[in-house]
Amino acid sequence: MIAETVCSAVSAAGLGIAVVTAYRRRFLTAARLAAYSLVPVGLVMTGAVGWVADTALSPTAWAGFGVLGAAWLLFAGTRAVERRRGTTGAERKAARRAEREAVAPAATAPPLGGTTAGPPASARPSASRPTPRSAGASEDFSDIEAILKKHGI
């Protein structure tokens, strides 16, 4: 009974504000306010307010909400663990694909510091000592390989 009275008062106040807004020639806003203010009366007329009032005072309903909350927490927790482990089917496929791509059969691009054009390696004159640039490049690659191995890539 009290809920219906409160909803009716809220609707009446909202309609009054809508009338004042329309008087100020803001018709679109007034129509939107009227729509919002008719919602509580509509809820009372459909019986939704009575159902909510009965549910709010029922210990069985609150226990049901608690069970639903526990189920949701279990579901969310298991999903979080799955994401951390990568155990969903799509993630396992993505991991397998990444492993296949990580081990390339042959390099398609020349190494850093190498030349992109020129005679084949057998036709090049051999140098007695490596250039400083190529020595630094091999050290850089060993550092990168160590970092990748550390991360399991």
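Author: What follows is a conversation about this model, going from its overall make-up to single residues.

Reader: Before the details, what kind of model is it, and how are residues numbered?

Author: This is a predicted model, in which local features need pLDDT of at least 70 and side-chain atom pairs count only at pLDDT 80 or more, while totals for chains, interfaces and linings use all residues. Residues are numbered from 1 along each chain as its sequence is written, and side-chain values use heavy atoms, with hydrogens and water left out.

Reader: Thanks. How many helices and strands does the protein have?

Author: The protein has 6 helices and 0 strands, where helices (H or I, at least four residues) and strands (E, at least two) are DSSP runs numbered from the N terminus. Written from the N terminus on, the order of elements is α-α-α-α-α-α.

Reader: And how much of the protein is buried?

Author: Buried residues make up 8% of the 153 residues; buried means under 20% relative accessible area, exposed means over 50%, and partly exposed is in between, with a 1.4 Å probe and protein chains only. The accessible surface comes to about 13,000 Å², and 66% of that surface belongs to carbon and sulfur atoms; such areas come from the Shrake-Rupley method with a 1.4 Å probe, and for residues only the protein chains shown count as cover.

Reader: Which residues does UniProt mark as "transmembrane region"?

Author: The unreviewed UniProt entry gives that annotation to residues 33-53 and 59-76; positions are in the numbering used here, feature names are shortened, and annotations may be inferred rather than shown by experiment. In the model, residues 33-53 are 95% helix and 0% strand, with end C-alpha atoms 25 Å apart, and residues 59-76 are 100% helix and 0% strand, with end C-alpha atoms 26 Å apart.

Reader: Let me move to H1. Is Ser11 buried or exposed?

Author: Ser11, which belongs to helix H1 (residues 2-23), is buried because its relative accessible area is 2%.

Reader: What does Ser11 touch, leaving aside its neighbours within four places in sequence?

Author: With those neighbours set aside, Ser11 is in contact with Ser37, Pro40 and Val41, contact meaning heavy atoms within 4.5 Å. Ala9 is partly exposed, since its relative accessible area is 47%.

Reader: And what about Thr21, buried or exposed?

Author: Thr21, another residue of H1, counts as buried because its relative accessibility is 11%. Apart from neighbours within four places in sequence, Thr21 is in contact with Arg26, Thr29, Ala30 and Leu33.

Reader: I noticed Arg25 there too; what is its phi?

Author: Arg25 has a positive phi of about 65° although it is not a glycine. As background, most residues other than glycine have a negative phi. Arg25 sits in the loop between H1 and helix H2 (27-46), and it is exposed because its relative accessible area is 67%.

Reader: Changing topic, how many aromatic pairs are found?

Author: A search of the whole structure finds 1 aromatic pair. That pair is Trp62 and Phe65, edge-to-face, at 5.7 Å centre to centre with 65° between the planes; rings of Phe, Tyr and Trp (its six-membered ring) pair if their centres lie within 6.5 Å, and planes under 30 degrees apart count as stacked, over 60 as edge-to-face and the rest as tilted.

Reader: Where do Trp62 and Phe65 lie?

Author: Both are in helix H4 (residues 59-85), 3 residues apart, which is about one turn of the helix. Trp62 is exposed, as its relative accessible area is 52%, whereas Phe65 is partly exposed at 44% relative accessibility.
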